[in-house]
Amino acid sequence: MALLELEDVHTYYGEAHILQGVSLAVGEGEVVSLIGRNGAGKTTTLRSVMGLARPARGRVRLRGEDLTRLPTHEIVRRGIAWIPEERRVLPNLTVLENLKLGMLGVGTSEAEAGSRLEDVFRHFPRLRERVDHRGQFLSGGEQQMVAIARALVARPTVMLVDEPTEGLAPMLVQNLTEILAAINRGGTTILLVEQTLEVALALSRRVYVMDQGRIQFQGTPDELRKDPTIQQRFLEV
Ligand SMILES: Nc1ncnc2c1ncn2[C@@H]1O[C@H](COP(=O)(O)OP(=O)(O)O)[C@@H](O)[C@H]1O
Ligand SMILES: [Mg+2]
């Protein structure tokens, strides 16, 4: 059974029929990437999982349990974390305060909180150094680290990560790619939306290519590399 599964999901914004029957599955322990041009519907797919955009038809399941009609906080409580494109690090809160926010929704005891923070700082030593800095004084890369770390302290089963490398310098992209790989080796399943093809292919076991609200291709990174037609039709600008 898939850990996370979307089956024939249709999502609208008002009258606009954005997701037109999206089916995809993420297995336990996998990194799966969802790629495609701007406007393809990738973010809407993640929002549909979180209940932030409500599918009009179709199902979202976690270990076979239907999440489709649950409120977002309940979806979070069941173990799905969302790291939005905009990062949303609170500017007036410190790194530590931002991270503590990540534990609020899942009810973490004080004793447990310390060990979770330690785990997260192992992935992000940079954040340990900056623990008392306010969000507004962090670089773009550091903000992305906070956004991921804040999701990670909730010990999610699945992380939905939306374009984490966007706007980051190449060295940071490399660094973040390695961190995501390490988080996955630690047991967290990842559904990654990523516009840098090489990052997506390097991290993922399987890839879905989306265009105009539909899955147009699914396969392994190797299969995608060998398919210039798919790349030309759905990935190049
Ligand atoms: N809040 C919204 N209201 C109306 N249309 C939206 C909204 N958000 C996104 N869209 C439209 O939905 C389509 C898919 O957007 P999105 O899921 O953000 O694509 P992607 O993440 O692949 O770039 C686009 O045509 C976009 O303009
Ligand atoms: Mg998007």
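A: Start with the domains. This is a predicted model. The protein chain is split into domain 1 (1-79 + 158-179 + 189-237) and domain 2 (86-155).

Q: How far apart do the C-alpha centres of domain 1 and domain 2 lie?

A: Their C-alpha centres are 24 Å apart. Next, look at the contact. Domain 1 gives 10 residues to the contact, and domain 2 gives eight residues.

Q: Which elements supply the side of domain 1 that touches domain 2?

A: Look at α2 (72-77) and α7 (170-185). Each supplies at least two residues of that side of domain 1. By class, the side of domain 1 that touches domain 2 has seven nonpolar, two polar and one charged residues.

Q: Now the interior. How should I think about nonpolar residues?

A: Take the general idea first. In soluble globular proteins, nonpolar side chains tend to be buried together. Here, the largest nonpolar core has 61 residues. Ile80, Ala81, Ile83, Ala149, Leu160 and Leu191 have the most contacts inside this core. Helix α6 (residues 140-152) gives the largest share of the core, seven residues.

Q: Where does this core lie relative to domain 1 and domain 2?

A: It lies between them, because both domain 1 (1-79 + 158-179 + 189-237) and domain 2 (86-155) give residues to this core.

Q: Which residues does Ala149 touch, leaving aside those up to four places away in sequence?

A: Ala149 touches Leu99, Val120, Phe124 and Leu127.

Q: Let us turn to the ligand. Which residues surround ligand 1?

A: Read the shell along the sequence. Tyr13, Ala16 and Ile18 are among the residues around ligand 1. The shell also includes Gly36, Asn38, Gly39, Ala40 and Gly41. Lys42, Thr43 and Thr44 complete the list.

Q: Which element gives the largest share of the shell around ligand 1, and what is the make-up of the shell by class?

A: The largest share, three residues, comes from α1. By class, the shell around ligand 1 has four nonpolar, six polar and one charged residues.

Q: Why is α1 largely enclosed by the rest of the structure?

A: Count its buried residues. Eight of the nine residues of α1 are buried, so α1 is largely enclosed by the rest of the structure. The buried ones are Lys42, Thr43, Thr44, Thr45, Leu46, Arg47, Ser48 and Val49.

Note on methods
Residues numbered from 1 in each chain as written. Chains lettered and ligands numbered in written order. Predicted model: local features only at pLDDT ≥ 70, side-chain atom pairs only at ≥ 80, totals over all residues. Near = placed C-beta within 6 Å. Helix = DSSP H or I, 4+ residues; strand = E, 2+ residues; numbered from the N terminus. Nonpolar A, V, L, I, M, F, W, Y, C, P; charged D, E, K, R; others polar. Buried ≥ 20, exposed ≤ 12 C-beta atoms within 10 Å, placed from the backbone. Core = buried A, V, L, I, M, F, W, Y, C linked by C-beta atoms within 7 Å. Domains from an automatic or database assignment. Contact = placed C-beta atoms within 7 Å.
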